[in-house]
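Subject: Structure handover

Hi,

Here is the structure I promised to pass on to you. Please open it alongside this note, and I will go through what I found.

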Amino acid sequence: LFRSKFNSKKTKTDKIIEETILQGPDLAPLVNRMKNEYPIISKIDQYKEIFTKQNPLVSIIVTTYNNSNLLINIALKSILNQNYKNLQIIVIADHSTDDTDIQMAKIKDTRVIYQNLSKRPNYPINTRQRWTVAGAVPHNLGLELATGDFITYCDHDDSFTIDRTDK
């Protein structure tokens, strides 16, 4: 937020910016559109087919930042051990600078796609504000890469039960 060194009081613009950052965007128009379109989309045969496929592809998006140990030994271990095997596992590192690249190179499973962002996004300096948006860029990239009939997420420090992706 911009404040001159001569005026430390919050301006009206500062307050609007802070409220927008803390509250996020107004999602009401999107929610209303979805409420109106979902009943129509859910009646389309193409939509219904996904739920009757014998072996639908499930995309799992995992985002990470500088914690290869948890990523490999917790999240990926649980994902790779799923009962259901038709998976696309997308791991996006948020410009990890630790040994994540090296550890991911050791995973030879062809279902795994790995990308490390070439630079860290410009997240807010304020901890609370940063916490609300950190990881959005890698999540969005994961969504772009996902080709599954269904999409789910797993944080690098979480694990799936063995039947998480079963029908």
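Predicted model: local features only at pLDDT ≥ 70, side-chain atom pairs only at ≥ 80, totals over all residues.

**Overall fold**

The protein is built from 7 helices and 4 strands. Reading from the N terminus, the order of elements is α-α-α-β-α-β-α-β-α-α-β. Of its 167 residues, 28% count as buried. If you take the contacts between residues at least 6 apart in sequence, 71% of them join residues at least 24 apart.

**Nonpolar cores**

In soluble globular proteins, nonpolar side chains tend to be buried together. Here the largest nonpolar core has 15 residues, and the members that touch the most others are Ile60, Ile79 and Val91. Strand E1 (58–64), helix H4 (68–80) and strand E2 (87–93) each supply at least two residues of this core. H4 gives the most, with 4 residues.

Setting aside neighbours within four places in sequence, Ile60 is in contact with Ile79, Leu87, Gln88, Ile89, Ile90, Thr152, Cys154, Phe160 and Thr165.

**Helix H7**

Leu141 turns up again in helix H7 (136–145), where the buried residues are Pro138, Leu141 and Gly142. These three are on the same side of H7, because they cover an arc of only 105° around the axis. What do the buried residues of H7 pack against? Their partners are E1, E2 and strand E3 (112–116).

**Two loops**

The loop between E1 and H4 holds Tyr65 and Asn66. Phi of Asn66 is near 50°, a positive value in a residue other than glycine. Asn66 is partly exposed, at 26% relative accessible area.

In the loop between E2 and helix H5 (100–105) you will find His95. His95 is not a glycine either, yet it has a positive phi of about 60°. The relative accessible area of His95 is 26%, so it counts as partly exposed.

Along the chain, Tyr65 and His95 are 30 residues apart, while their C-alpha atoms are separated by 6.9 Å. Beyond its neighbours within four places in sequence, Tyr65 is in contact with Asp94, His95, Ser96, Arg120 and His156. Tyr65 itself is partly exposed, with a relative accessibility of 36%.

**The largest pocket**

The volume of the largest pocket is about 430 Å³. It is lined by 18 residues, of which Thr63, Trp131, Ala134, Gly135 and His139 are the closest to its centre. E1, helix H6 (127–133) and H7 each supply at least two lining residues, and H6 gives the most, with 5 residues. How many nonpolar, polar and charged residues does the lining have? There are 6 nonpolar, 7 polar and 5 charged residues.

Best wishes

Methods. Residues numbered from 1 in each chain as written. Heavy atoms only, no water. 1 Å grid on protein atoms, 1.4 Å probe; cavity = no way out; pocket = protein on both sides within 12 Å on 5 of 7 lines; lining within 4 Å. Points joined across faces, edges and corners; volume = space filled by probe spheres on them. Nonpolar A, V, L, I, M, F, W, Y, C, P; charged D, E, K, R; others polar. Core = buried A, V, L, I, M, F, W, Y, C linked by side-chain atoms within 4.5 Å. Buried < 20%, exposed > 50% of the residue type's maximum accessible area, 1.4 Å probe, protein only. Contact = heavy atoms within 4.5 Å. Arc of directions from axis to C-beta.
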